[in-house]
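Please look over the model below with the following points in mind. They are meant to be read next to the sequence and the 3D view.

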Amino acid sequence: MLKWLGAGITPEQNTYRGNHRKIRNAAAAFSLLAVTGFLTLPSAATGPAATAADIKPGEWVSLAAGPAPAANPLQGFVPFEGRYDAMPHSMEWFYIPLNSTVTGPGTYNWSELEARLNSVASRGHQAAFRFYLDYPGKPSGVPAYLLDAGLTTRSYSDYGNQGISVSPDYEDPRLGQALDDFIAAFGAKYDGDSRIGFLQLGLLGFWGEWHTYPHDGWASPENWTASATAQQRVVQAYTKAFTKTRLQVRYPTTANSSSTLGYHDDSFAAETLPGTGWHFVDKLRQAGATEKWLTQPVGGELRIELQHCLFDVPVPCPEVSDPTRKDFPGSVAATHASWLLNHHAFSPGYSGAELSNATAAAQSLGYRFQATGFSLTPGTLAGQSDLKLSLRNTGTAPFYYNWPVQVAAVAGDGKIARTWTTPWKLTTLKPGMTSTWTAPLGTTGLPAGYYTLVLRPVNPLANGVPLRFANAAQDQTLPGWLTLGRKYFPAK
């Protein structure tokens with residue numbers, strides 16, 4: 001909903017069309033004590049030893065904790081697409097008009113999407129994005145052939161649009177068929193693409209955000225919002241076409257609560273916590289989806305009016321009197337969000353205590369893995385050792401992809417002599433959970449000698465941000481790998 005701090009004000013409209021009001025107050029700040037325990041960074045552990053300790057057969061080896069990684073894949077604060085150095089990050093966000101791709105009935109030109117995905121990937125990042133038909137202030141994203149065929153559209157002046165974009169009739173069967181066909185083709189080409197982190201359903205409503213406020217039948221008599229039937233048709237098309245890439249939709253409903261998709265709260269912290277009946281957590285409860293984060297991701301956008309002031313010291317955003325509308329840690333705890341668009345963190349960026357608080361806030365999102373210990377024992381088969389690893393998730397959300405977890409043996413020259421892929425599934429490690437996993441390491445044919453064992457989940461994006469553990473020995477032997485210890489393997 002868009003009723004707070006000025007009717008009709010939206011994050012996209014305010015920030016990226018230059019209309020948002022600067023309400024910074026130098027005296028306004030927020031006390032870090034107000035969020036102690038949720039936004040506080042863990043203290044750095046003592047630096048790792050220069051040489052990994054030798055592993056004794058069957059002995060349980062404890063692994064020291066370390067600081068939270070500066071950035072990990074698929075979590076934290078996210079900027080709009082582009083190169084930014086103000087804060088470490090792993091994803092970039094963009095919108096894309098549908099008519100850039102749909103050129104006619106069943107005909108598609110993927111060149112713009114390809115260019116944008118490649119640009120994001122070139123910086124080692126995964127993309128989060130959505131297609132839109134109607135973005136206030138931008139030319140219509142409706143495919144030209146539908147407009148030429150007489151698709152009904154409505155002009156409006158809300159959000160500074162002044163008739164630039166138009167709201168299409170979402171009940172027109174020609175539009176419904178076009179969306180069905182596009183989504184099927186989209187999934188056939190891009191499902192599981194390593195350049196994509198999260199895909200939002202988009203398409204319907206202003207900004208593809210599934211609302212047409214104030215033209216919604218409540219704030220004004222006319223209702224341009226897509227019907228429940230039209231919405232569910234898009235949900236079903238997406239969940240059929242995308243079975244690998246993680247999906248998100250704007251609003252939780254009873255109709256989509258059992259679908260294989262998560263949600264995005266685009267007014268995060270401001271309209272997240274329950275009480276009004278239409279805030280995000282209210283809708284989660286009404287849909288019976290409060291536990292859905294255990295298997296499906298939650299993302300969104302930090303409310304634009306909060307981005308520039310929420311991490312000040314000592315009192316955040318003094319113009320906002322209701323503390324529940326600026327409760328970042330409470331909103332994270334209630335939603336288990338993994339990532340948030342917060343472009344202000346990257347441009348113009350934060351500094352001083354504000355930067356420290358914002359960094360801790362970004363690191364409070366999503367998973368955080370920490371290996372607590374391991375053992376290596378002789379296997380039941382000749383030429384095999386069994387690695388047992390204990391791993392815990394100290395974050396607030398799961399990791400939603402089963403990226404391969406590898407173990408490698410690093411020879412004395414610093415090169416990997418052998419790599420093993422384990423059967424371990426990171427998605428099963430929920431917050432607060434510790435699991436102990438076992439994997440066989442076949443050593444037949446490995447030249448006799450000392451090897452340092454290292455561990456990593458593999459980002460499928462070749463140059464992507466490594467998934468790092470909150471351990472002192474992370475990156476000790478090789479960048480992107482967690483060092484376990486040194487072991488002598490005899491010739492087999």
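1. In strand β12 (residues 262-268), Y263 is the bridge partner of V249, and the two strands concerned, β11 and β12, run parallel and are joined by 2 bridges. Strands here are DSSP runs of E with at least two residues, helices are runs of H or I with at least four, and both are numbered from the N terminus; two strands pair if DSSP finds at least two bridges between them.

2. This is a predicted model, in which local features need pLDDT of at least 70 and side-chain atom pairs count only at pLDDT 80 or more, while totals for chains, interfaces and linings use all residues. Residues are numbered from 1 along each chain as its sequence is written, and side-chain values use heavy atoms, with hydrogens and water left out.

3. Strand β11 (residues 246-249) also pairs with β9 (residues 196-200), in the parallel sense and over 3 bridges, with L199 standing opposite L247. Both faces of β11 are covered, since R246 and Q248 on one side, and L247 and V249 on the other, are all buried (under 20% relative accessible area, with exposed over 50% and partly exposed in between, for a 1.4 Å probe and protein chains only).

4. A separate point concerns an open sheet of 4 strands, which has the order β1-β15-β16-β19 and antiparallel pairing. Its edge strands, β1 (61-62) and β19 (434-442), each pair on one side only. Between β1 and β15 (residues 369-378) there are 2 bridges, and S62 stands opposite G373.
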